[in-house]
Amino acid sequence: MKPAATTGTTLVAATVTTLVADTLSLHLGDTTALDAVRATFASGQVTAVLGPNGAGKSTLLACLAGLRAPDSGVVRVGGVVRGL
């Protein structure tokens, strides 16, 4: 979380934007590319997505970026549902 900023005697909390994958599922033909994936990515943090070839890493990132629509589940940015 980002540190709070001060103005005079008033303490102002900094907002933290999060990117959330909430039960994302995606099928490509007969292949399940994503199966109810849940993940939360905090603003200002570096996060690695690791896995073997064909695990769905690129597909997950495409859904998070809004380049591909999941079959089910939602992506939230700062609490707001993002769609294609």
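What is the relative accessible area of R76? This predicted model gives 27%, so R76 is partly exposed.

**View 1. R76 pairs with D22 in a salt bridge.** The closest N and O atoms are 3.0 Å apart. R76 belongs to strand β5 and D22 to strand β3. The pair therefore ties together parts that are 54 residues apart in sequence.

**View 2. D22 also forms a salt bridge with R38.** Here the closest N and O atoms are 4.0 Å apart. D22 sits in strand β3 and R38 in strand β4, 16 residues apart, and the pair links distant parts of the chain. R38 counts as exposed because its relative accessibility is 62%, and the cut-off for exposed is over 50%.

**View 3. D22, R38 and R76 are linked in a salt-bridge network.** How many salt bridges does a search of the whole structure find? The search finds two. D22 pairs with R38, and R76 pairs with D22.

**View 4. Helix α1 spans residues 57-64 and holds several buried residues.** Buried here are T59, L60, A62, C63 and L64. An α-helix has 3.6 residues a turn, so residues three or four places apart point the same way.

**View 5. Strands cover the buried residues of α1.** The cover includes β3 (18-28) and β4 (31-42). It also includes β5 (72-77) and β6 (80-82).

Key:
Residues are numbered from 1 along each chain as its sequence is written. This is a predicted model: local features need pLDDT of at least 70, side-chain atom pairs count only at pLDDT 80 or more; totals for chains, interfaces and linings use all residues. Side-chain values use heavy atoms; hydrogens and water are left out. Buried means under 20% relative accessible area, exposed over 50%, partly exposed in between (1.4 Å probe, protein chains only). Helices (H or I, at least four residues) and strands (E, at least two) are DSSP runs, numbered from the N terminus. Contact means heavy atoms within 4.5 Å. A salt bridge is a side-chain nitrogen of Lys or Arg within 4 Å of a carboxyl oxygen of Asp or Glu.
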